[in-house]
Amino acid sequence: MYNREVRGPLIIGDKSFKQISTDILAPTETKPGKWWFAMMTLATLASIWGVYSIYITVSKGIGTWGVNNTVGWGWAIINFVWWIGIGHAGTAFSIFLLILRQKWRTSINRAAEAMTVFAVGCAAIFPALHMGRIWLAFFIFPYPNTRGPLWVNFNSPLFWDFIAITAYLLISFSFWYLGMLPDFATIRDRATSKVRKALYGFFSMGWVGSSRQWLRFESLAFILGGIAAVLVVSVHSIVSTDFAVSVEPGWHTTLFPPYFVVGAIFSGFAMVMTLMIIIRKLYKLGDYVTDGHLDAIARILTFISLIMGTAYLTEIFMAWYSGSEYEMFTFFKNRITGEYALQFWGMIICNALIPQLFWFKKVRSSLLIMLIISLFINLGMWFERFNIVITSLSKDYLPSAWASYTPTWVEVGTYVGTIGIFLAGVLMFFRYIPMIAVSEVKTVKDIGTRKYD
Amino acid sequence: MSSSHLIGVFEDESGLVKAVEEIREKDLKIEEVFTPYPVHEVIHAMGTKSKLQVFAYFYGLFGALAVLAFLYWTSVIDWPINYGGKPFNSFPSFIIITIILTIFIVTVSSLATFSGRAKLWPGKQHKIYDLRATDDKFVIVVSKDKTDPEKLSTIQGIMKAHGAVEIREEEA
């Protein structure tokens, strides 16, 4: 039951259906502004640097990275976990709210899912490169081969990772695309040029909006939503087993799966907030992405930030409580004080403290401050992954094997490149795909006035 | 094959719902209703049911068993490898792959079923009765060939009574 008097309308202004389509489809039907081309140039330049770095990695080998025998996982794994974390929120957001029938998701789910698809795509680049000989990557498929047939190790978290990411990419893409079918059909039927009609006609796959199609559409959305909810939780749990299944101090803990899942949703929600503020500001869609929507995201972020803070404290407590001198050393000598203290305190401040500003109503209603905090959260989440990956590896059991790690320009370039690819993807999304699910927003136009809302 | 249709266009959901419900109560046949977003009363009144969820359940059941069987076969029968003295059939760690691949199988096969049942695939030729049905109009289509002229006028009357803004006939 949606109480309109308490919670307010989800769309501001008494708009007709036609007006909704026109407002939201405007960016796909008009030429983009100058800022769009400027950003696209920037994204392309970043991607070119990234592609060049990848070329160097593939042609010369992993030796061009700063990783060594002790710190075998560098920026590549940090960035992999960071991207896949960001990629989590789209599906988490869209699907948990779908299952809980929270109607305010309708203005945001499309952009969140788009972000997921691009972020998971960026994430997949890193483990692929980290294989070293990427041209033999197909060895990871469990297919009957001429090498025995020798099967892959089904007990290895790295193989679980491969399966999880592949499945996640496919399912988040399908869910995203399914939601776009009706909107592509709307664009197709509004189109005036032949090319547009043919192109969007092809991508809408013959959607006509008949009651039979809607019935099956909703059935499928709930099936995919239901199973993807399991996937959201399991994928990042599996990523955490990459660490937790080892015996490294600071990694070997049962806290890791929930800690990683919550962290992933945290960074992803922050990215959703960044994107929604940009969409709202640049495309003037404030009537659809209302203050109420951003306020709701900010509240969720505050809550998750508290969970993150608790997780950090729990880790430190357990290090002390375990009585293991290696755990003690890792947390107290290596993270809190020591070579990587900057990243540790960066993580605490950005993730556990700064988001607590959202308790203030003033902060939650200022777009600029929200944008800045959301960027800080993603910076903090990057620090968190740095903290986990590098500190544990650099100094573990044998002092004679201790080593430091600094990235080379190739690693930095690959990271910047993926940001470029992500940005380019998002910009293309702004330009060619309705940023808000038009058909779904139409259902919440009069929310709270009908008996079944 | 030529066919002709009676097309009623509505501006809002409530008129459409009442019209569809009344037509269906009189046991008259509606060929199809086109709406810009899902209207549950209409889907309900049209009487079509989706068995997709039942299918998905069986896809999942089959998928889970198939994956477990595959893991058992590769790890125990085809090429057993001793990992630190652990059992070949390391069931607990197989569960993870089973869950993920089951989800994968359910997704792919449900998508295929959906594509077939909802008749959606790339490059499909489709018939549109009213271009505005994907934007802001609600459209009822009744086949003229399969309905008696007498009943057709009843339907026309119902549509008009519930505020159809446009009623027209189309030969195609």
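Visitor: In chain B, what percentage of the contacts with a separation of 6 or more is accounted for by residues 24 or more positions apart?

Guide: This is a predicted model, in which local features need pLDDT of at least 70 and side-chain atom pairs count only at pLDDT 80 or more, whereas totals for chains, interfaces and linings use all residues. Residues are numbered from 1 along each chain as its sequence is written, and chains are lettered from A and ligands numbered from 1 in the order in which they are written.

The figure for chain B is 78%: that part of its contacts with a separation of 6 or more joins residues 24 or more positions apart, a contact being two residues whose C-beta atoms, placed from the backbone, lie within 7 Å. For chain A the corresponding value is 82%.

The elements of chain B are five helices and four strands, where helices (H or I, at least four residues) and strands (E, at least two) are DSSP runs numbered from the N terminus. Along the sequence they follow the pattern β-α-β-α-α-α-β-α-β. Chain B is more spread out than a compact globule, because its radius of gyration is 25 Å, well over the 16 Å that the globule rule gives for 172 residues; the radius is taken over C-alpha atoms, and the rule is 2.2 Å times the number of residues to the power 0.38. Along the principal axes, the C-alpha atoms of chain B fill a box of roughly 80 × 30 × 30 Å.

Chain B is divided into domain 1, made of residues 4-49 and 126-171, and domain 2, made of residues 52-117, with bounds that come from an automatic or database domain assignment. The C-alpha centres of these two domains of chain B lie 45 Å apart. Of the 172 residues in chain B, 34% are buried, a residue being buried if 20 or more other C-beta atoms lie within 10 Å of its own, exposed if 12 or fewer, and partly exposed in between, with C-beta atoms placed from the backbone.

One backbone position in chain B deserves a remark. Most residues other than glycine have a negative phi. B:Lys119 has a positive phi of about 55° although it is not a glycine, and its place is the loop between helix 4 (91-117) and strand 3 (138-143) of chain B. B:Lys119 counts as partly exposed because 17 other C-beta atoms lie within 10 Å.

Now to the partner chain. Between the two chains, 52 residues of chain A are in contact with 51 residues of chain B. On the side of chain A that touches chain B, helix 2 (17-29), helix 6 (157-190), helix 8 (211-244) and helix 16 (438-443) of chain A each supply at least two residues, and helix 8 of chain A gives the most, with 17 residues. By class, that side of chain A holds 29 nonpolar, 15 polar and eight charged residues, where Ala, Val, Leu, Ile, Met, Phe, Trp, Tyr, Cys and Pro count as nonpolar, Asp, Glu, Lys and Arg as charged, and the others, Gly among them, as polar.

Chain A itself has 16 helices and zero strands. A compact globule of 453 residues would have a radius of gyration near 22 Å, and the 23 Å of chain A agrees with that. The C-alpha trace of chain A spans about 70 × 55 × 40 Å along its principal axes, and buried residues make up 48% of its 453 residues.

A:Met205 sits in the loop between helix 7 (194-203) and helix 8 of chain A, and it counts as partly exposed, with 19 C-beta neighbours inside 10 Å. Elsewhere in chain A, A:Met428 belongs to helix 15 (residues 409-432), and A:Met428 and A:Met40, 388 residues apart in sequence, have C-alpha atoms 8.8 Å apart in space.
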